[in-house]
Amino acid sequence: MQLNPHLPLVYHPNYSFSFDPNHRFVMSKFAYLYEHVQNLGLINDNLTQPMLGSPEPLELVHCENYIHDLWHNRLDEKAMRRIGLPWSKELMARTFTAPLGTLQTARLALKHGIACHLAGGTHHAHTDFGSGYCMVNDLAFTSETLIKSGEVTNVLIFDLDVHQGDGTVAMLAHQPYAYTCSIHCEKNFPFRKSASDLDIGLAPNVADSEYLGLVDDTLSYLLNTLNPDLVLYDAGVDVWQQDGLGKLDISWQGIEQRDHLVLKRCLEHNAPVATVIGGGYDKDHRRLAARHGIVVEQAARF
């Protein structure tokens, strides 16, 4: 099947920068993902670059003291250890730009039906602290921005990262027009979970057939029940059977089938869908980028 070269994509060159290649978090994956997508023939005049970010827009959903202390490197050692990344000006540039990229992707999806961000899914960031390699929460920020501006009435956040999106859930708990659903490995980080509107905690080693059935049934039910104006899809690839932090037994083909299924169901329901890449861990950085590229390739099949 021919890929659609006009699929709206969002990316900023500051997403990757010089970083310890042995760190668990693969900072190079964003640049490698861009390269991978380019090699698929999917980058041309369809690429949008978000504005450079700063703390001020994030004040909509984050504690002002927290994000300004983060920006100016005033967080204490314990807070930074909880985040798990070493502070740098380059890290701040990408951290505060990426949420604007997710917002841009969502607006493109509202216009075109589907759009993909080559980053995003920082779902462990809470209102006043960061956690699990996540400093600010692009999913909560995008949802609140679009709801409060009146661009959408309601949003479904469909989070298929292997880890529960505890930060997103906590930040949107009092937003009645944002519905959070997480299908994740139950016995995995975060060990203290927040309560999503719908949580499905999977046992370790769940494989393709059971997983895909659950994803399909759950999404179909939510689309029919909620009729969302927008779906924010966190397409985490840490569900893969060889992922360093995953604990599930989903094959590469299973991820392809999952992403195709999610996008197909949303489009069948006329629900615009914006994708973010979420989590993925691999010592082979280019293989990881190709795994993150699955959702983009599947989106380009529509």
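**Exercise 1. Over the ring of which residue does the charged end of Arg-94 sit, and how far is it from the ring's centre?**

Keep in mind that this is a predicted model. Start from Arg-94: its charged end sits over the ring of Phe-30. The distance to the centre of that ring is 4.4 Å.

**Exercise 2. Classify the ring pair formed by Tyr-15 and Phe-30, and say where its two partners lie.**

Step one: what do we need? A pair of aromatic rings is described by the distance of the centres and the angle of the planes.

Step two: searching the whole structure turns up 10 aromatic pairs. Among them is Tyr-15 with Phe-30, at 6.2 Å centre to centre and with 70° between the planes. Planes over 60 degrees apart count as edge-to-face, so that is the label for Tyr-15 and Phe-30.

Tyr-15 is in the loop between β1 (9-10) and α1 (29-39), while Phe-30 is in helix α1. They are 15 residues apart, and the pair links distant parts of the chain. Both Tyr-15 and Phe-30 are buried.

**Exercise 3. Is Arg-82 buried, partly exposed or exposed, and what does it contact?**

Step one: find Arg-82 in helix α4 (residues 77-83).

Step two: its relative accessibility is 48%, so Arg-82 counts as partly exposed.

Step three: skip the neighbours within four places in sequence, and Arg-82 is in contact with Phe-129, Gly-130, Ser-131 and Gly-132. As for Tyr-133, it is 51 residues from Arg-82 in sequence and 8.2 Å away in space, C-alpha to C-alpha.

**Exercise 4. Describe how α5 and α6 pack.**

Step one: helix α5 (residues 89-112) packs on α6 at an angle of about 50°, and the axes are 9 Å apart. That angle makes α5 oblique to α6.

Step two: the crossing of α5 past α6 is right-handed.

Step three: look at the side of α5 that meets α6. Its residues there include Pro-99, Leu-103 and Arg-107, and those from α6 include Asp-138, Phe-141 and Leu-146.

Key
Residues are numbered from 1 along each chain as its sequence is written. This is a predicted model: local features need pLDDT of at least 70, side-chain atom pairs count only at pLDDT 80 or more; totals for chains, interfaces and linings use all residues. Side-chain values use heavy atoms; hydrogens and water are left out. Rings of Phe, Tyr and Trp (its six-membered ring) pair if their centres lie within 6.5 Å; planes under 30 degrees apart count as stacked, over 60 as edge-to-face and the rest as tilted. Helices (H or I, at least four residues) and strands (E, at least two) are DSSP runs, numbered from the N terminus. Buried means under 20% relative accessible area, exposed over 50%, partly exposed in between (1.4 Å probe, protein chains only). A charge sits over a ring if NZ of Lys or CZ of Arg is within 6 Å of the ring centre and within 35 degrees of the ring normal. Axes are lines fitted to C-alpha atoms, for helices over the stretch in contact, and angles run from 0 to 180 degrees between N-to-C directions. Angles under 35 degrees count as roughly parallel, over 145 as roughly antiparallel, 65 to 115 as roughly perpendicular and the rest as oblique. A crossing is left-handed if the near helix is turned anticlockwise from the far one by less than a right angle, and right-handed if clockwise. Contact means heavy atoms within 4.5 Å.
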